[in-house]
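Me: I am new to this structure and would like to learn how to read its charged side chains. Could you walk me through it?

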Amino acid sequence: MSWFGKMFSKGEKKEAEVAVSKDDDKPVAAEEADEVLAEDNRSLLLQLISANGLSMGMDLSKVALPTFILEPRSLLEKLSDTVIHPEILTDIPQKDTPEARMLAVVRWYMSAYHVRPKGTKKPFNPVLGETFSAHFKAAETTTCKDGITWTAQQVSHHPPVSAFFARDDAGTVVIQGCFAPKSKFLGNSAASMGGGAFRIYLPQHDEVYYLNWPSVYVRGVLFGTLLMEVAGNVVIACPKNNLTATLDFQAKGFFGGAYHHVAGSVFRGTKAEQKKAEKVYEISGFWTGKTTYKHMPDGETHTLFDVATNPLGRITDDLTDVAIAANGGPNEKRDELHKILPSRATWKPVADAIAAKDQDTATSCKQEIEQAQRDIRAARAEAGQTFKPTLFEHTGEDDWEYIGPNAIKLPHVQLS
């Protein structure tokens, strides 16, 4: 069991995997992300299901998906959406009290999911060793001058594991962890179960926050409107301050409710003590739009995060080549079995073809990349070699320590 599982499995019953929204309000500006599949594309999906003999609950990780449902960027870059608001992330350590810092972590979490392409799309599955690194700055309309550097590497292919590290320029906030999804076919839906976990470290406060991922569901695979829902229970814990937050991403009920609803709270104590714990804040709203928090001592309600009033940050520098060269030198000095593939350059032919709506070329380019990876795996096996990540070291089931440029070492996981 992972350190995250150990921390939150004591003395409590397992949470339901998906909660159902009972709120009849409407989410803000989410409809543009939904789409009705063209009949020829839906027919391709049906052929794919039939050809692979897919049935309920089957693993989708080894199924080659058609390019018309792919977002033209890698999962490693998609995960960097979590730092697309540097002004929110760097604000966390500036708060004066433990309660305010926990609420700021929750606010950051609510800012991490709303970036979506038009339509329901899935990012490219990273190839083994693929690397993406970039520097992010806040929108020019904000007063934040501190940037965020994000670095991610695909450290395992089967099962898929993406390790990542992020820090601000001043070194006041650090994120480290991994994303290890497990995909399932659920009939008219497909699910990416949010495996893996991560930590946020605030050096000046000596605080570590432990977090997990929700799951993502794509509805309408066989019929109806194709749409994405985030669902599941997220726990954010800071053992030092004896504070915990829970966020319940809720799926829409079959006969009512709303899409994209989230509800939660911040309380004193552990997850196992939640029912009798002192509640500090209540959280409610829509992760696609606006969320609010109620300060329980005085009952006042305030905005937590609003998509409409928080402009996106931007990538100012692609640092992938710098990250690749840090441990082992640039690719020009590596032999074929030890080259580290830069994310954007690797997938550019596929992304360009998708942007041009040339699905045949996109499919052909994608197949070439996948075949090249199979050839490299076979060559490594013949040479008696195994792939070793260059930017992360495996120190535990859900723990990959970053060893690349400008690393900040996180405290060892302390479990009571």
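Reply: Happy to; we will go through salt bridges, then a surface patch, then an annotated region. Keep in mind that this is a predicted model.

Me: What is the general idea behind a salt bridge, and how many are counted here?

Reply: Side chains of opposite charge can pair when their charged atoms come close. In this model the count comes to 16 salt bridges.

Me: Which residue pairs with Lys-366 in a salt bridge?

Reply: That partner is Glu-370, at 2.7 Å from N to O. Lys-366 counts as buried, with 10% relative accessibility, whereas Glu-370 is partly exposed at 25%.

Me: Where in the chain are the partners Glu-140 and Arg-314?

Reply: Their side chains form a salt bridge of 3.9 Å, N to O. This pair joins distant parts of the chain, 174 residues apart: Glu-140 is in the loop between strand 4 and strand 5, and Arg-314 is in strand 19. Glu-140 is exposed, at 71% relative accessible area.

Me: Which residues gather in a patch of negative charge on the surface?

Reply: They are Asp-317, Asp-318, Asp-321 and Glu-332. Asp-317 belongs to strand 19 and is partly exposed, with a relative accessible area of 40%.

Me: What does the UniProt annotation say about residues 355-382?

Reply: The unreviewed UniProt entry labels them "coiled-coil region". In the model, this stretch is 89% helix and 0% strand, with its end C-alpha atoms 38 Å apart.

Technical notes
Residues are numbered from 1 along each chain as its sequence is written. This is a predicted model: local features need pLDDT of at least 70, side-chain atom pairs count only at pLDDT 80 or more; totals for chains, interfaces and linings use all residues. Side-chain values use heavy atoms; hydrogens and water are left out. Patches are made of residues with over 30% relative accessible area and no salt bridge: like charges are joined within 9 Å, nonpolar side chains (Val, Leu, Ile, Met, Phe, Trp, Tyr) within 5 Å. Accessible areas come from the Shrake-Rupley method with a 1.4 Å probe; for residues, only the protein chains shown count as cover. A salt bridge is a side-chain nitrogen of Lys or Arg within 4 Å of a carboxyl oxygen of Asp or Glu. Lys and Arg count as positive and Asp and Glu as negative; His and the chain ends are not counted. The place of a charge is taken as NZ of Lys, CZ of Arg, CG of Asp or CD of Glu. Helices (H or I, at least four residues) and strands (E, at least two) are DSSP runs, numbered from the N terminus. Buried means under 20% relative accessible area, exposed over 50%, partly exposed in between (1.4 Å probe, protein chains only). UniProt positions are given in the numbering used here, feature names are shortened, and annotations may be inferred rather than shown by experiment.
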